[in-house]
Amino acid sequence: MSIRYLSAKLAQQVDFFPYSCFNTLMNEFKIDEELMSAAGAFSLDQLMELAGLACAQTLAKVYDKDKFNRVLVCCGPGNQGGDGLVAARHLSIFGYSPTIYMPKPGSKDIYKRLKTQCDNMKIKTLTPSMDTDSLRSALSSSDVILDAIFGFSFKGPVRAPFDVALPLISESRLPIVSVDIPSGWDVEKGNDAGVGLDPDVLISLTAPKEGVKSFEGIHFLGGRFVPKRHPTMASSSLAKALATVLIYTSLCNALGALPALGPQGINLWKLQQQQQAVKLSLTVQNPSNSGVEEFPVQWFQQPLDHFDNSSGHTFGQRYWVNKRHYEPGTGGPVIVLDGGETSGEDRIPFLDTGIVEILARATGGVGVVLEHRYYGESVAVENLTTDSLRWLNNEQAAADSANFMANVKFDGIDEDLTAPGTPWIYYGGSYAGARAAHMKILYPELVFGAIASSGVTHATIVYWEYWDTIRTAAEPKCSYHIQKSIETIDRLLSTKRLAHPLKALFGLPDLQHDEDFVSLLETPLGYWQAKCWDPAFGSNVFDEFCDALNKPPFGFSAADVADLEFEHPARMISLPGGLSLDFSIREEFIFISRQNVVSTCPEGSTHEEACSRFTFILRYANLYSQCFGTFNDSQYAATTLDQTWRLWQFQVCTQWGFFMPAPPKGYPRIVSNLITLDYESKICKQAYAPGKYFTVPPLPNVTAVNVLGGFDIAADRLAIIDGEVDPWRPATPHSQYAMDRDDTVLRPFKLIPHAVHHYDEYGLKNLSDEPPEIRKIHGEMIAFVMEWLKDWTPPEEDQ
């Protein structure tokens with residue numbers, strides 16, 4: 001879970017909330033009532049002050065005051081507006097220039113006092129009026145909006161004067177930070193009416209509301225002033241629900257995604273880690289019922305080296321078990337999910353409602369999630385140097401799984417369920433999908449059946465097809481605008497006079513290397529892989545990016561300008577430095593800024609304290625070089641265990657490849673032609689110095705992967721399942737480079753329409769609630785696994 005602490009720790013970013021964590025209207029009223037009771041001892045003034053401060057801190061954390069200084073604080077007449085007035089006061093203290101817009105001021109005494117405090121600080125306030133001209137003018141001269149209009153008690157419809165104000169705010173295309181719930185949304189039904197704002201950032205106060213389950217932006221949780229042992233909350237279902245946030249970690253967007261790091265990806269990973277908290281402090285302690293108590297962690301001892309264990313070193317490998325459907329003596333299978341290149345904790349949802357639960361329920365089997373060596377807590381080394389990583393390879397990992405299957409003893413199960421005496425079905429998605437296929441080839445006596453979902457069974461050094469899949473699958477107008485934008489950016493970078501103002505537009509005027517600059521522009525494209533049919537795990541950020549590119553900026557007069565050719569005179573915007581650009585490029589800049597790519601670079605970051613020897617301007621050049629530059633080897637020298645980016649990157653550099661440069665010359669592209677194989681692969685030399693016992697090869701040994709079958713990998717009871725528009729599809733048996741094959745029960749070969757990355761791995765408790773194509777593939781998977789199991793017979797015992 002990505003959590004972002006603020007300076008006073010009144011709010012924190014949480015990228016995923018389990019659905020049980022969302023609060024109802026009645027619960028909200030009850031919590032407020034208890035907090036302001038004799039037992040809670042809070043006053044309304046105190047709660048407003050704390051909430052407003054949390055909101056101001058959140059905006060300041062996400063939107064840097066040097067780039068987003070002009071804040072339009074939109075206040076309604078209720079307590080929500082009071083929070084906004086408090087936030088405006090604190091934003092002014094933080095160095096922002098807030099302007100207050102309140103077309104209908106509140107009548108309560110507390111509201112008037114808060115407004116007087118703002119007046120005393122000379123904070124500009126628009127004169128209340130039904131006329132929208134002042135709002136239009138304020139929007140055109142603002143950088144970001146704080147939405148504090150309607151609170152959780154709002155019930156539609158939206159009435160005057162807000163029925164006119166909300167559409168204007170939405171049309172402004174400015175980034176929006178909403179307080180507690182986006183204005184116009186129902187606290188329990190969300191934006192069903194379609195009239196609410198669509199914020200980029202949401203600050204839920206105390207707990208996220210029922211109506212914001214579908215919110216896709218950056219989500220902060222404020223209100224940590226609620227006491228941990230509050231008499232009402234200590235035993236409430238809300239407290240138990242919030243406690244599950246501790247368990248369901250790192251799920252949003254990145255769950256199951258094969259990470260494509262590279263030098264710039266590692267920089268972004270580091271910036272994200274700087275903004276994460278080590279622990280999540282919630283409103284309760286020691287909850288009596290968390291979301292995963294049913295699946296306690298278990299441990300299995302593995303040798304560090306299966307092929308030469310003369311040292312005797314071992315490590316504990318974590319796993320979790322679902323015994324809901326197990327009945328002793330029935331011969332049910334074991335369904336094991338390979339944890340792949342992430343912590344096994346990230347896979348627990350699949351044990352609960354995903355593919356493991358689906359197959360275990362259908363077969364009366366046991367479900368297992370098995371963590372991969374070196375990931376999560378299944379670590380046997382003291383550091384991540386090149387020598388320490390030498391046991392992180394396909395062969396050792398496969399031997400781990402085989403040893404586990406042949407020797408594990410499950411807690412609470414007396415029956416021997418080891419292979420080959422019990423049928424084991426091995427499932428994996430993405431890299432783990434390739435491992436599932438490999439296990440069927442390497443250990444057929446142990447693996448009765450295997451399912452490779454989005455399994456990247458063909459390793460390759462150069463993998464430009466990743467970007468090309470996105471180019472061809474994206475909405476055509478969006479794809480066209482991305483292509484044209486990238487062509488223009490490459491052309492401008494080739495002219496030294498224009499390169500500097502172009503980078504300045506994106507907030508990176510002094511980033512030295514053009515390759516580093518254009519690699520940052522790939523960031524929104526990666527959200528294609530984050531698409532998922534289940535809104536609890538998926539992201540719509542890529543679609544929002546396309547909408548931004550396709551929609552003209554606020555103030556454009558031509559209604560049909562979006563349909564004009566790229567760089568048509570009516571689409572052009574004049575910018576400082578002699579630049580004249582199509583509005584799509586400007587909108588790409590705004591989008592990247594709103595997604596916090598550039599603004600994540602912390603002020604005060606210096607590189608070897610160079611700023612003390614150079615000018616103020618060079619200080620910032622140095623700052624951006626540290627954050628986004630990739631040519632300083634020392635940035636990748638740390639080898640401590642918390643540098644977990646080193647794990648998958650090591651596998652890429654040694655056996656898997658998948659470096660992602662631009663397509664070949666003359667081919668349509670949505671990434672810059674400055675992104676070359678040399679640029680993408682230089683990280684292997686920078687990060688992994690030759691060790692005493694192991695040296696990373698000049699290029700990865702992809703033959704070690706492909707010798708097991710590559711595109712043509714096949715076996716009886718090996719299912720191949722892929723997504724039609726998965727950017728990893730070109731590396732699977734459904735690749736355009738692979739031979740087509742029949743889909744049979746013994747050798748299933750299935751392509752999920754419109755699906756991206758291992759869509760079948762996700763599931764709902766009630767399969768009938770799933771989308772038709774997902775319900776169909778789950779039904780087919782249950783059917784062929786059941787057919788496989790009809791053929792299973794216990795092996796004959798040795799005489």
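Visitor: At what angle do helix α11 and helix α12 pack?
Guide: This is a predicted model, in which local features need pLDDT (the predictor's confidence in each residue, from 0 to 100) of at least 70 and side-chain atom pairs count only at 80 or more, while totals for chains, interfaces and linings use all residues. Residues are numbered from 1 along each chain as its sequence is written, and side-chain values use heavy atoms, with hydrogens and water left out. Helix α11 (residues 394-407) and helix α12 (residues 431-442) pack at about 65°, with axes 10 Å apart; the axes are lines fitted to C-alpha atoms over the stretch in contact, and angles run from 0 to 180 degrees between N-to-C directions. The two helices are therefore roughly perpendicular (65 to 115 degrees).

Visitor: Which residues of α11 and α12 meet there?
Guide: On the α11 side they include Ala397, Ser401 and Met405, and among those on the α12 side are Tyr431, Arg435 and Leu442, where contact means heavy atoms within 4.5 Å. The residues of this contact divide into 7 nonpolar, 2 polar and 1 charged, counting Ala, Val, Leu, Ile, Met, Phe, Trp, Tyr, Cys and Pro as nonpolar, Asp, Glu, Lys and Arg as charged, and the others, Gly among them, as polar.

Visitor: And how do α3 and α4 pack, parallel or perpendicular?
Guide: Helix α3 (residues 79-94) and α4 pack at an angle of about 20°, with their axes 9 Å apart. That makes α3 roughly parallel to α4 (under 35 degrees). Leu85 and Arg89 are among the α3 residues in this contact, and Leu114 and Lys115 are among those from α4.

Visitor: Lysine 115 again, then: which side chain does it meet in a salt bridge?
Guide: Its side chain meets that of aspartate 119, at 2.5 Å from N to O, a salt bridge being a side-chain nitrogen of Lys or Arg within 4 Å of a carboxyl oxygen of Asp or Glu. Because aspartate 119 and lysine 115 are 4 residues apart in helix α4 (residues 109-120), they are separated by about one helical turn. By this rule the count comes to 25 salt bridges.

Visitor: What is the mean pLDDT of the protein?
Guide: The mean is 83, and 80% of the residues reach 70 or more.

Technical notes
Parallel < 35°, antiparallel > 145°, perpendicular 65-115°, else oblique.
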